[in-house]
Amino acid sequence: MHTKGSPSCCCSFEDYNLTTEWLLNHTSQRPKVAVICGSGLGLLADGAANKQTFRYQDIPNFPVSTVAGHEGCLVFGTIEDTSCVFMQGHFHLYEGYSLCQVTFPVRIFKLMGVETVLVTNASGAICPDYKVGDIMIIKDHINLPGFAGQHPLFGPNDERFGTRFPCMSDAYSKDLRRLAGQICSELGCSGFLREGVYCMVSGPNFETIAEARMLQVLGCDSVGMSTVPEVTVAKHCGLRVLGLSLITNMVSLDYSREEKVNHDEVLQIMKMRAEVLQRVVTELISRCSINTH
Ligand SMILES: O=P(O)(O)O[C@@H]1C[C@H](O)[C@@H](CO)O1
């Protein structure tokens, strides 16, 4: 089934079931929380105990990671009493995957019994007040590829996952956003904490200055190349979602600016903040089921 580069690929319920059954037969963990690690953030799993790791290439139907900073491993573990699963590396449209493949793991998590998804990513700041190293709680998003017909829910709707026309006005859980803010302030991160609107572009090129200016006019605070498809599919199947974006670079809005963004710099900034993000995520997992249900 997973043919790389086939934009019309659609996974059947049997495909999802087969992968879910395989995982349930290979681990005794029954995760309640899934963490999708953005570029360079694989170590978010470091806070977990009783870890069990599967390489994506060994899991039936799973796509494989092709980008630097994405290890390509699914890690099961526990944080306090909460069973969780970490995706060390996720998939992008620009890798040649269809959005059905990009979002494949989210439906597997749903079928495994996951209730909450924490999504992380790297993004560039459009908002000029932001600084490199800021953590942005995602309040809302703009699905730019969706406007151009690249949408993970295109095609026949499977009611077993969710409704044909899902509501997206509350995609990011208010309770989880509040909890994340509280945890960040307890951990001393308030000075570099933001809340804003993330815009997904397909990539793989970074934005031109004219594109960046357009995104600013549209009300975007940051821009990246992932997350929105996974969040859309998670919301469609009734999962609670929190999104955290690390600002790795300032997007050029001005023709006189000389800096040029590159992926190595993105990974370097992610590394700088990975430890603090790991503490935030670990704390969120241990408290999210207590505080928000
Ligand atoms: O996977 P994420 O969204 O964290 O990765 C960002 C977007 C591109 O994949 C890459 C650009 O450096 O980082």
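The structure is a predicted model, in which local features need pLDDT of at least 70 and side-chain atom pairs count only at pLDDT 80 or more, while totals for chains, interfaces and linings use all residues. Residues are numbered from 1 along each chain as its sequence is written.

**The ligand site.** Around the ligand sit 13 residues, and the closest are Gly38, Ser39, Asn121, Ser226 and Val266. Helices (H or I, at least four residues) and strands (E, at least two) are DSSP runs, numbered from the N terminus.

**A helix pair.** Helix H1 (residues 13-26) packs on helix H3 (residues 104-112) at an angle of about 60 degrees, with axes 9 Å apart. Axes are lines fitted to C-alpha atoms, for helices over the stretch in contact, and angles run from 0 to 180 degrees between N-to-C directions. H1 is therefore oblique to H3, since angles under 35 degrees count as roughly parallel, over 145 as roughly antiparallel, 65 to 115 as roughly perpendicular and the rest as oblique.

**Backbone spots.** Most residues other than glycine have a negative phi, and most peptide bonds are trans.

| Residue | Phi | Loop between |
|---|---|---|
| Asn61 | about 75 degrees | strand E2 (49-55) and strand E3 (73-79) |

A cis peptide bond, with omega about 5 degrees, joins Gly203 and Pro204.

How values were computed:
Near = placed C-beta within 6 Å.
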